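Please open the model in your viewer and keep the selection tool at hand. The tour goes from one selection to the next.

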Amino acid sequence: MNPDDVKAFFDAHWTVRAFQPVAMPAEHLDVLLHAAQRAPTDATAQMYSFVRLVDSALRGKIAELTHNPHFATASEALVVCADVHRLRLLLERGDFTYGSWSAASVHFAIGDAVLAGQNLLTAAEMLGYRGCWIGGVLSALPEIVDLLRLPSGVVPFSGLVVGVPAEAPRTRPRVARDLVVHQDAYREPSPEELDGALADMASITARGNWAQSLARYFASDGTMEAREVLLRRVLLRQGFDHVRLPGEVASDPLTESLDALFEAAERAGFSDVRVRRRGGGFEAWLDRVEVAHRGDGSSPSEALRSAIADAERSA
């Protein structure tokens, strides 16, 4: 490819939310996942996981929770997760103790997840598909964590759907390059440059006011403030404790998680549910007269999730 071909390929990128009801051939899915796994990763750790949504009822439920129907209609739907759980297991398997680096883990695991996901989407576009990153998972994080049975150390970053478009292409503008590319040091934009950016992006909005569109998400009382609360709670629940606010009780998110897990165990018919420390971690037991199920984990909630998963596999 020459430089013009490369520019043309990326100019043809556009986000799609309406898809034709067609399945993706297995060999195409293999290419997409191959591309994802060839993405750069920090220190070889590959701190991400994709949860591929195959069950139609699960797809529909997540589409409903996130208010994004394309979760249910795209050829392929994934939840892209930051994942340091597997890294912890690998270290423990090698007789090493996992370190205390909660903030850095979010930083690097989200980087790994985004790089892998974008590699997948680029490969999809090379094959003629189009897709959409879905930030709406942030509006239903606790429910999605429960539905996907994500262990401690795993948190959803975004949805990612891919398929054959059922809508006309629509390329969106971008702000001037000088606003996003700085030389040697950060340069504050001038008022004229900011006005230019607002004008450049106005065409994508219904009222021709990009600032107003941004304000719905990012201004005071915008949707991001509500998502901030949920994200902090779920990060804490999933073991990323650097986000705890001053004065916040350490056990609150854990208790919230354990309450839901105890209720799930009781709904499954286990009236005797126990969690206790064992060695450097925890173990959980679900008992009823004829059977018992055991789970291990680095936290009480992870151990209880493991025991519930064992019970589900044996059902």
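Which residues point one way from β2, and which the other way? This is a predicted model, in which local features need pLDDT of at least 70, side-chain atom pairs count only at pLDDT 80 or more, and totals for chains, interfaces and linings use all residues. Residues are numbered from 1 along each chain as its sequence is written, and side-chain values use heavy atoms, with hydrogens and water left out.

Select residues 76–83, strand β2. Strands (E, at least two residues) and helices (H or I, at least four) are DSSP runs, numbered from the N terminus. E76, L78, V80 and A82 point one way, A77, V79, C81 and D83 the other. In a regular strand the side chains alternate between the two faces of the sheet. Eight of the eight residues of β2 are buried, so the strand is largely enclosed by the rest of the structure. Buried means under 20% relative accessible area, exposed over 50%, and partly exposed in between (1.4 Å probe, protein chains only).

Strands pair if DSSP finds at least two bridges between them. Here R52 has L78 as its bridge partner.

Now select D95, in the loop between α5 (85–93) and α6 (102–126). D95 is exposed, at 73% relative accessible area, and its phi is near 65°, a positive value. Most residues other than glycine have a negative phi.

Finish at D221, in the loop between α10 (210–218) and α11 (223–237). Its phi, near 70°, is positive, and D221 counts as exposed at 71% relative accessibility.
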